[in-house]
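Reader: I'm new to this structure and would like a close look at a single part of it. Could you pick a spot and walk me through what surrounds it?

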Amino acid sequence: MTYSHLNDYPADIRERAARIRLACFDVDGTLTDGRLFFDSEGRELKAFHVHDGQGLVLLRKSGITVAFVTARASEVAQRRAADLGIAEVHTAVADKLACVRDIAARMGITMDEVSFMGDDLPDLRVMLQTGLAVAPANAHPWVAGRVHWRTSLRAGHGAARELCDLLLAAQGHAETLLSQVSQVEGVRVEGNA
């Protein structure tokens, strides 16, 4: 069974995705739906989608470095990254472009090998310097109109997973992942679904 959705993407997006070695994500409005919740003690609460988390783990296991780069100081984002095994977690970042350039330099890669997913003006400066700039479906229009690609899903509702799936498929990892999960000893798997 082949990953049949890769050809649904424009050729230039597939080519850009094939080069990515560092996938960076804003947190609020990208990995979450953008709403901020605080309890009566002032502690921040965020909701993350499990599909996004699975995609981020698959990227990491496939050799693509994942980074969270957010302007907000957020223990919740740090905890979520730790849960997913993500080492590059940058919170309270005043200059996202400088942060991402630093990560890329440490990895020995160019900005052409970096993707950044964001949703609003604090993300735009860095997005314009990356090889693949992506916005969720509900990104602010000023950003949405300036990126390489927009997901069909909204932030916090699987948008990050869409990007993860694209990167995995464009780099040839989707077939391996699908074959690994479809091989179950003692169980016959039938059908193309």
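Author: Let's start with S62, which sits in the loop between α2 (50-61) and β4 (65-69). Keep in mind that this is a predicted model. Is S62 buried or exposed? With a relative accessible area of 18%, S62 is buried, because buried means under 20%. Its side chain reaches back to the backbone oxygen of L58, at 2.9 Å. Setting aside residues up to four places away in sequence, S62 touches L168, H173 and L177.

Now for L59. Again leaving out residues up to four places away in sequence, L59 touches A23, F25, I64, V66, C164, L167 and L168. So L168 turns up in the contacts of both S62 and L59.

L59 also belongs to the largest nonpolar core, which has 32 residues. Along with F25, L56, F68, L132, L163 and L167, L59 is one of those touching the most other members. Which elements each supply at least two residues of this core? They are α1 (11-19), β1 (22-25), α2, β4, α3 (75-84), β7 and α7 (159-170). That list includes α2 and β4, the two elements on either side of the loop that holds S62. The largest share, eight residues, comes from α7. Apart from this core lies another one, of 23 residues, with V93, V114, M127 and A135 among them.

Technical notes: Residues are numbered from 1 along each chain as its sequence is written. This is a predicted model: local features need pLDDT of at least 70, side-chain atom pairs count only at pLDDT 80 or more; totals for chains, interfaces and linings use all residues. Side-chain values use heavy atoms; hydrogens and water are left out. Helices (H or I, at least four residues) and strands (E, at least two) are DSSP runs, numbered from the N terminus. Buried means under 20% relative accessible area, exposed over 50%, partly exposed in between (1.4 Å probe, protein chains only). A polar contact is a pair of N or O atoms within 3.5 Å; within protein, one must be able to donate a hydrogen and the other to accept it, and residues adjacent in sequence count only if both atoms are side-chain atoms. Contact means heavy atoms within 4.5 Å. A nonpolar core is a set of buried Ala, Val, Leu, Ile, Met, Phe, Trp, Tyr and Cys residues joined through side-chain atoms within 4.5 Å.
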